[in-house]
Amino acid sequence: MKLGAPRKKSGWVMLQVLLLHLLVQSVHSQNSRNKLNITNPGQSIPGLAVQLRRVSNEKVVVDNGIIQVTFSSPQGLITGIKYNGIDNVLDDEIDDRGYWDVAWYEPEKALEIDKLEGTKFEIITQNEEQVEISFTRTWTISKRGSLVPLNVDKRYIIRTGVSGIYMYGILERLEGWPDVDMDQIRIVFKLNPKKFDFMAISDDRQRSMPSMADHDNAKILAYKEAVLLTNPKNPMFKGEVDDKYMYSMEDKDNNVHGWISSDPPVGFWMITPSDEFRLGGPIKQDLTSHAGPITLSMFTSTHYAGKEMRMDYRNGEPWKKVFGPVLAYLNSVSPKDSTLRLWKDAKRQMAEEVRSWPYDFVNSEDYPLSHQRGTIEGQFYIKDRYVSRLNIYGKFAFVGLAPCGEAGSWQTESKGYQFWTKADRRGRFIIENVRAGNYSLYAWGYGFIGDYKYEQNITITPGSQMNVGPIVYEPPRNGPTLWEIGVPDRTAGEFYIPDPYPTLMNKLYVNPLQDRFRQYGLWDRYADLYPQNDLVYTVGVSDYKRDWFFAHVTRNAGNNTYDSTTWQIIFNLENVNRVGLYTLRIALASAADSELQVRVNNPKSDHIFTTGLIGKDNAIARHGIHGLYRLCSINVFGDLLSVGDNTIYLTQSRSVGPFQGVMYDYIRLESPFTT
């Protein structure tokens, strides 16, 4: 057609038909892609604008054409998520479906659970690209004792083209408010049990799961969260042990986990794109998903640490912190496809979220954008002249910024933000997107004991780029190594982990060697292996992978009684410096209501060292291979030793129950200093 020529009606109709056909094809193609939600975070999908509807004074609905989310108003509870033909992916037979909660108490008072229900609803952002809504609550002294003393702002963001809900919270206490302890802050989703029955938390930790009804009808075992499935609806679970702590994970690995429904094939995933708002560093362990079906986003907890990690506020201390955003992500595949593709896609989406951090769409002055953050880099070395004359690259060491404190204080720090990375094989590190503030620079890693702290505090300002250059850590060392047991890696994973009782197994952990410690009842296997006499380890003869039990526990003596246990390390010295000072290094990976006493060459002598009562991390009972790290450096006077065979006696003296004990990370005896 020539420019300006009159259009024939039939040609115009054909053009309209063609344009309509192309539009339908485009939408169909985009919807097909979105079956696995193969979109970048926030990618726009034509014709799927985000809509907010105030259905009533008690209900708010946000819909982006992919998911439809219903909130109670002004409480801010998530009561419904409609997706891919499922009217509600949450359990609509209970009231508590999608919510925040805080476990808190005033000192010396009973534990309370506050679901942080709002009293005011507000629209923060509303346009075709996204809706951000807020549910707030302001604390007053009249609420003391009934509500946790916090101002609460729960935020939810629904974006065009994203089949999920971004969630974050701003919690604040003002100066002068009452003393309070907080043990746990989290988001909980209880999914539709008629749909979701397969759980995935990592590539090799995936399985069909028993139901909560199966748990309710099961036999409760020695530790209250563990049950023996005696009469499950699905007979394949009969005789198995299930316990939510069997599915715990270190925070550095806890980026995505969730559930799969097979009919229709839908996944529900919790994605955590950053650890900056978590506590306790990269290897802090916490819950993920577990029977229910339940999916959690754990922001803070005392799990695998105890009260040393609780958030305690005294003398009117003010505090404010942003938790999140995290993403509750949903995906789907064709019924003809394998549902395991949902897990693969969830990992892809997680990677996209990590790359997009910090998000540029969060509308809060308390959440700094990328240009408002800073960067620090450097190179980490180890100096140990008994290992090498030259400084050693701190390869694969963990290097992090955390609130100012002593060396190692980051692992119990619970109030501020932390930023960690892993150095490369030459010890080079870079930590990006750090919030402005004052920090200490910490480091630790595989193959050396103790904790490093940079001598000066680090101040990050918006847009700053800091290079600390080479930094050198000298681990504790007084002399050359005479002998050592284990590997300094802050876990007991290299030691002997027994087979579980055949009648108390979780089938998920029958084959993977790296997760054997997650089986139930391993503490009782010690008494089977050592019914009368305790463990004896002979340096140069014994093998710690075979002969050193992973946990120094009590011995079950029957009739609900337990005995303290004393382990022996036998070693030979060809000569002894009688006036010299030897050093025994004991690195503990865990401690639970225990006391470790050390004696030399006489089991009935006064101990030369005791830890006193330490530890509440419960890693033994909760199937962990570590809790909090402790390093004990013990002076051993040369006149206590002899030429020939010597024995160090390690006594765990507390013996009220089966879960008391310690896990060793590494033990080393150093001879006196030599030039």
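I began with burial: 58% of the 675 residues in the protein are buried, meaning under 20% relative accessible area with a 1.4 Å probe and protein chains only. I kept in mind that this is a predicted model, where local features need pLDDT of at least 70, side-chain atom pairs count only at pLDDT 80 or more, and totals for chains, interfaces and linings use all residues. Residues are numbered from 1 along each chain as its sequence is written, and side-chain values use heavy atoms, without hydrogens and water.

Next I looked up the surface. The protein exposes about 29,300 Å² (Shrake-Rupley, 1.4 Å probe), and carbon and sulfur atoms supply 49% of that.

Then I turned to the fold. I found 5 helices and 46 strands, taken as DSSP runs (H or I of at least four residues; E of at least two). The radius of gyration over C-alpha atoms is 28 Å, close to the 26 Å of the globule rule (2.2 Å times the number of residues to the power 0.38), so the protein is as compact as a globular protein of 675 residues. Along the principal axes, the C-alpha atoms fill a box of roughly 110 × 60 × 60 Å.

I also checked contacts (heavy atoms within 4.5 Å). Of those between residues at least 6 apart in sequence, 71% join residues at least 24 apart.

Notes: Buried means under 20% relative accessible area, exposed over 50%, partly exposed in between (1.4 Å probe, protein chains only).
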